[in-house]
Amino acid sequence: MTVISTEKDTEALHFRLVAEFDAGVERVWRIWADAQQLQRWWGPPTWPATFETYEFEEGGRAAYYMTGPDGEKARGWWRITAVEPPRLLTFVDGFADENGDPVPDMGETAATVTLEDLGGRTRMTMTTAFQSIEQLEQMVEMGMEEGIRAALGQVDALLAEDASV
Amino acid sequence: MVVQTLRQDEVDRLFQALADATRRDIVARVLVAEYSVSGLAEQYDMSFAAVQKHVAVLQRASLVSKEKRGREQIVRGEVDGVQRARRLLDDYERIWRQRVDRITDLLGEDAGDDD
């Protein structure tokens, strides 16, 4: 098992995950730095992610969408706030509308990723800070695995159909 | 670590209820202050009956409660926010554990090349 620990603070609304990988720091860094690799694990298997824009630098922006089983798209964006290869990445993550424009009233989350060299292995620590429970609900909605995939604004019937898969 | 999860049917109800922007808005409002159904209806460009239906969906998801007071139906946010956050963080954790699994698979693919 590669997940070493998780920690949740329900008052401050943040989530931290520590995982270790049997690969070097440079290699693990590439799963974040290279959009081709990132999109292979970011979305759930049934909602694969496609990054249309990926400016992997401080101040850079990313635009992505996840495609659901019925072809519907759930869009998101990042604003990258720090890139210090191969050890630190911070970015702000938010929702986008069908035109790719940020949806401000759905909030943003701040993510911090650090990589540590454990002598050939790599420890990755990822922290996400939420602003509100409503926002967390939306994040979960966007990212949930089979059964609970709720692209926002989808009709109940579609949700019910998906939930039974 | 004890991972607490909602039952599948509860999750379905919760997410179905929250998949609608009006319903999310109703929840946000009534968590702050109680509203009568007619008071809520004034906030949206839809009929009283439509708002009443939204409230009923939220009630089934245990996100709001409704109480008759005189001639009015009072709607109140019902959810213990911290409890809900806890469950949602559990769900979020599941998302991240699945991502870590996929990262591990991805790294494993080229392990042969690195050695």
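Gln131(A) is exposed, with a relative accessible area of 55% (exposed means over 50%, buried under 20% and partly exposed in between, using a 1.4 Å probe and protein chains only). The model is predicted, so local features need pLDDT of at least 70 and side-chain atom pairs count only at pLDDT 80 or more, while totals for chains, interfaces and linings use all residues. Residues are numbered from 1 along each chain as its sequence is written, chains are lettered from A and ligands numbered from 1 in the order in which they are written, and side-chain values use heavy atoms, with hydrogens and water left out.

Gln131(A) sits in the loop between E8 and H3 of chain A. Helices (H or I, at least four residues) and strands (E, at least two) are DSSP runs, numbered from the N terminus. Beyond four places in sequence, Gln131(A) touches Leu13(A), Gly107(A) and Glu108(A); contact means heavy atoms within 4.5 Å. Gln131(A) and Leu13(A) are separated by 118 residues in sequence, yet their C-alpha atoms are 7.0 Å apart.

Strand E8 of chain A spans residues 122–129 and contains Thr122(A). Thr122(A) is buried, with a relative accessible area of 0%. The side chain of Thr122(A) reaches two backbone oxygens: that of Ala23(A) at 2.6 Å, and that of Gly24(A) at 3.3 Å. Both are polar contacts, that is, pairs of N or O atoms within 3.5 Å; within protein, one must be able to donate a hydrogen and the other to accept it, and residues adjacent in sequence count only if both atoms are side-chain atoms. Leaving aside neighbours within four places in sequence, the contacts of Thr122(A) include Ala19(A), Phe21(A), Val25(A), Val28(A) and Leu115(A).

Chain B has six helices and three strands. Along the sequence they follow the pattern α-α-β-α-α-β-β-α-α. Of its 115 residues, 43% count as buried. Among contacts in chain B with a separation of 6 or more, 51% join residues 24 or more positions apart.

The three strands of chain B form an open antiparallel sheet in the order E1-E3-E2. Strand E1 (35–36) and strand E2 (64–69) of chain B stand at the edges; each has a single partner strand, so one side of each is left without a neighbour in the sheet. Two strands pair if DSSP finds at least two bridges between them. Strands of a sheet pair through backbone hydrogen bonds, either parallel or antiparallel. E1(B) pairs with strand E3 (residues 72–77) of chain B over two bridges, in the antiparallel sense. Here Tyr35(B) has Val75(B) in E3(B) as its bridge partner. Helix H2 (residues 21–32) of chain B packs on the sheet and touches E1, E2 and E3 of chain B. The direction of H2 makes about 90 degrees with that of E3(B). Axes are lines fitted to C-alpha atoms, for helices over the stretch in contact, and angles run from 0 to 180 degrees between N-to-C directions.

E2(B) and E3(B) are joined by six bridges, again in the antiparallel sense. Glu67(B) stands opposite Ile74(B) in E3(B). The hairpin of these strands has two residues between them, and Gly70(B) takes a positive phi near 60 degrees. Helix H4 (residues 48–60) of chain B lies across E2 and E3 of chain B, at about 125 degrees to E2(B).

Strand E3 of chain B also holds Gln73(B). Gln73(B) is buried, with a relative accessible area of 18%. A polar contact of 3.0 Å joins its side chain to that of Lys66(B). Beyond four places in sequence, Gln73(B) touches residues including Tyr35(B), Ser36(B), Phe48(B), Gln52(B) and Glu67(B). The C-alpha atoms of Gln73(B) and Gln52(B) are 9.7 Å apart, with 21 residues of separation in sequence.

Cavities were then considered. On a 1 Å grid over the protein atoms alone, a cavity is a set of points where a 1.4 Å probe fits but cannot get out; lining residues have an atom within 4 Å of a point. Grid points are joined across faces, edges and corners, and a volume is the space filled by probe spheres set on the points. Three cavities of 30 Å³ or more are counted. Twelve residues line the largest cavity, and Tyr64(A), Asp93(A), Met139(A), Met142(A) and Arg99(B) lie nearest its centre. Two or more lining residues come from each of strand E4 (61–67), strand E6 (88–96) and helix H3 (133–143) of chain A, and from helix H5 (81–109) of chain B.

Methods. On a 1 Å grid over the protein atoms alone, a cavity is a set of points where a 1.4 Å probe fits but cannot get out, and a pocket is an open set with protein on both sides within 12 Å along at least five of seven lines; lining residues have an atom within 4 Å of a point.
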